[in-house]
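Please keep the sequence and the model in view while reading.

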Amino acid sequence: MVKTLVDRRGFLKATTGAFIGTTLPLTNVRLAFAGEREDFTFAYISDSHIQHIKGNKFVRNWDRGLIRAVAECNMLEPKPDFVFYGGDIAQLAKPEEIDHGLELLSALRYDTHYVMGEHDYYLDLGEYWSKLLGDQWYSFDHKGVHFVVLNSILTDHDWTYNRWKDGEERMSVMAGLDDPRGSPFMVGEEQRKWLAKDLKKVDKKKPVVVLSHSPLQKIFKNWNFWTDDAEEVQALLHKFDKVSVLYGHVHQIQYNQIGNISFYSAMATAWPWPYPETYAQAPSHLPELTVPMNRADPFFERDATGWQFIDVWSGRSNVTYRLPENSERTVAYNKEKGHPEDTEYAARNIPPQNHY
Ligand SMILES: [Fe+2]
Ligand SMILES: [Fe+2]
């Protein structure tokens with residue numbers, strides 16, 4: 001019985017070469033492509049929520065989650081070309097937390113690209129993070145793929161500047177999963193303009209991979225699994241044949257396909273969030289995973305861990321999860337139905353639930 005559906009690291013695969021043997025439990029599948037594309041993989045670690053207690057004390061479990069992810073990443077074979085860190089290094093955006101998280105991440109043997117999370121941002125509006133890590137949105141090309149990183153956790157001017165007595169109060173409100181005083185996230189006009197300009201120069205046949213912290217789709221507003229201007233961002237991506245959006249923030253398995261865009265969440269190294277029973281996303285074909293899931297099982301060391309492997313070349317939702325008891329769970333795009341399916345897993349594990 002698979003009790004927890006949470007993976008903590010995502011590996012996005014873009015392979016064109018032979019079947020590759022590995023030392024860790026991962027499978028790379030050969031895809032036949034010619035041209036300038038080359039084999040490569042990159043690793044993705046997200047949501048460590050490093051939390052300061054006092055002095056030099058930090059919450060041990062969150063530290064250990066990140067330390068373990070970094071250690072396993074360093075042992076990967078084939079070696080990833082680089083790593084993405086998906087946001088929420090810190091819990092309350094304190095400089096001590098960001099420093100400590102980056103110190104743990106500095107053990108990575110690969111270049112690392114960072115995505116802004118709301119837990120890194122709302123104390124000082126990203127000032128400390130940016131001082132250390134640079135731009136909050138940027139793009140680059142790598143072996144035939146165009147990568148875009150967005151800061152998707154911004155919100156409106158009034159909420160940001162006018163409501164709170166100080167940054168600490170603002171941060172603590174935004175840090176609550178379901179605090180009704182919080183505000184929906186957005187990418188915002190400035191970044192959307194930048195994105196439109198950035199994408200102008202990209203050939204429509206080139207695979208595009210977008211990294212955001214919150215989902216660039218609307219899943220569950222009450223918990224801010226949501227980006228208010230998601231449709232506008234999606235519209236900017238419509239011209240491309242193959243778009244993959246990877247995000248963190250939700251600390252649970254999510255995937256989706258909207259038109260040409262496939263969506264994948266990466267899991268947290270800190271803790272899993274439960275699946276809200278109120279998920280009822282008829283048109284969006286989110287997984288039938290409305291299993292009320294409690295926190296990770298403290299008596300099972302590997303609970304809330306696992307691997308996920310995402311194929312970006314197909315351009316349609318295509319991901320395999322390797323679960324803690326070694327079973328595999330594959331989500332594949334059903335061409336006839338026009339949405340991703342997870343049939344085997346749903347048949348095996350899902351108790352009676354609301355259908356939509
Ligand atoms: Fe998070
Ligand atoms: Fe987050």
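V245 stands opposite F263 in strand 12. The model is predicted, so local features need pLDDT of at least 70, side-chain atom pairs count only at pLDDT 80 or more, and totals for chains, interfaces and linings use all residues. Residues are numbered from 1 along each chain as its sequence is written, with chains lettered from A and ligands numbered from 1 in the order in which they are written.

Strands here are DSSP runs (E, at least two residues; helices are H or I, at least four), numbered from the N terminus. Two strands pair if DSSP finds at least two bridges between them.

| Strands | Sense | Bridges |
|---|---|---|
| 9 and 10 | parallel | five |
| 10 and 12 (residues 261-265) | parallel | five |

The open sheet has six strands in the order 7-8-9-10-12-11, with mixed pairing. Strand 7 (138-142) and strand 11 (255-258) are at the edges with a single partner strand each, so one side of each has no neighbour in the sheet.

V208 of strand 9 stands opposite H146, and its bridge partner in strand 10 is V243.

In strand 10 (residues 243-247), five of five residues are buried (20 or more other C-beta atoms, placed from the backbone, within 10 Å of the residue's own). V243, V245 and Y247 point one way, S244 and L246 the other. In a regular strand the side chains alternate between the two faces of the sheet.

Beyond its neighbours within four places in sequence, V245 is in contact (C-beta atoms, placed from the backbone, within 7 Å) with V210, S212, L216, I261 and F263.

Key. Contact = placed C-beta atoms within 7 Å. Buried ≥ 20, exposed ≤ 12 C-beta atoms within 10 Å, placed from the backbone.
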